[in-house]
Amino acid sequence: MKKSWIISLITSFVLLGGVLLSPAPSADAAKVATSTYSDSDSDQSYEEFKEYTNQLFSLETYEAKAFTALESIDTQVTSTNRKSMYLKLTNTVIPNYTKLVSKAKQIKPTNPQIKKIHATFIKASYTQLEGYLLYQKAVSKNKVNYTLLKQGNAKVNTASVLMDQCEQQLYAYARSLGYDS
């Protein structure tokens, strides 16, 4: 299954440590010479970015539970393991991912650039959830519905592309604030 997006994203921030969480001195020097924004605008953007990433981090528990359950599911769906897959999807994956999407929709960034990034994040997360719901439907009966399974895979793949776009947008915005990557 796909690796955890939020966990991956937050881990990237953590691994970059102080480099990402504090603006680069060279970027600060460049801003003095070329910035059209005041220091308070820059500080506000930094604070909005920090708040946004903290809000994303708060969603990590839901995603971690969902992905842990997904990792325990066989990648090859058969009539013998479909019931186990159905139960994991129904009892753990879908409820946790639904909470993730629901809580993510409650995040209301005010910064226009962060709003755009967040819209991509919401679309990716919701598409991922749709894929899981199709997986669940595909394995809900005694006979596996491979057409639905294929449709679920298409949704999950689309979600992956959207999340990659979101991640690139987030990194580009972080760099625009003066973070090293």
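**Side-chain contacts**

Tutor: In this predicted model, Lys155 and Glu130 form a salt bridge through their side chains, at 3.0 Å from N to O.

Student: Which helices do Lys155 and Glu130 lie in?

Tutor: Lys155 belongs to helix H8 (residues 146–176) and Glu130 to helix H7 (residues 112–138), so the contact ties together parts that are 25 residues apart in sequence.

Student: How many salt bridges does the structure hold?

Tutor: The structure holds 1 salt bridge.

Student: And is Lys155 buried, exposed or partly exposed?

Tutor: Lys155 is partly exposed, at 30% relative accessibility. Glu130 is partly exposed as well, with a relative accessible area of 24%.

Student: Changing topic, how many aromatic pairs are found?

Tutor: The search of the whole structure gives 4 aromatic pairs. One of them joins Phe49 and Tyr173, whose ring centres are 5.7 Å apart with planes at 55°, so the pair is tilted. Phe49 sits in helix H4 (residues 39–57) and Tyr173 in helix H8, so this pair ties together parts 124 residues apart in sequence.

Student: Is Phe49 buried or exposed?

Tutor: Phe49 is buried, at 4% relative accessibility, and Tyr173 is buried with a relative accessible area of 4%.

Student: What about the rings of Tyr132 and Tyr135?

Tutor: Their centres are 6.2 Å apart and their planes meet at 40°, so that pair is tilted. Tyr132 and Tyr135 are 3 residues apart in helix H7, a separation of about one helical turn. Tyr132 is buried at 1% relative accessibility, and Tyr135 is buried at 3%.

Student: Which residues do ring pairs link into a cluster?

Tutor: The cluster consists of Phe67, Tyr97, Tyr132 and Tyr135.

Key: Residues are numbered from 1 along each chain as its sequence is written. This is a predicted model: local features need pLDDT of at least 70, side-chain atom pairs count only at pLDDT 80 or more; totals for chains, interfaces and linings use all residues. Side-chain values use heavy atoms; hydrogens and water are left out. A salt bridge is a side-chain nitrogen of Lys or Arg within 4 Å of a carboxyl oxygen of Asp or Glu. Helices (H or I, at least four residues) and strands (E, at least two) are DSSP runs, numbered from the N terminus. Buried means under 20% relative accessible area, exposed over 50%, partly exposed in between (1.4 Å probe, protein chains only). Rings of Phe, Tyr and Trp (its six-membered ring) pair if their centres lie within 6.5 Å; planes under 30 degrees apart count as stacked, over 60 as edge-to-face and the rest as tilted.
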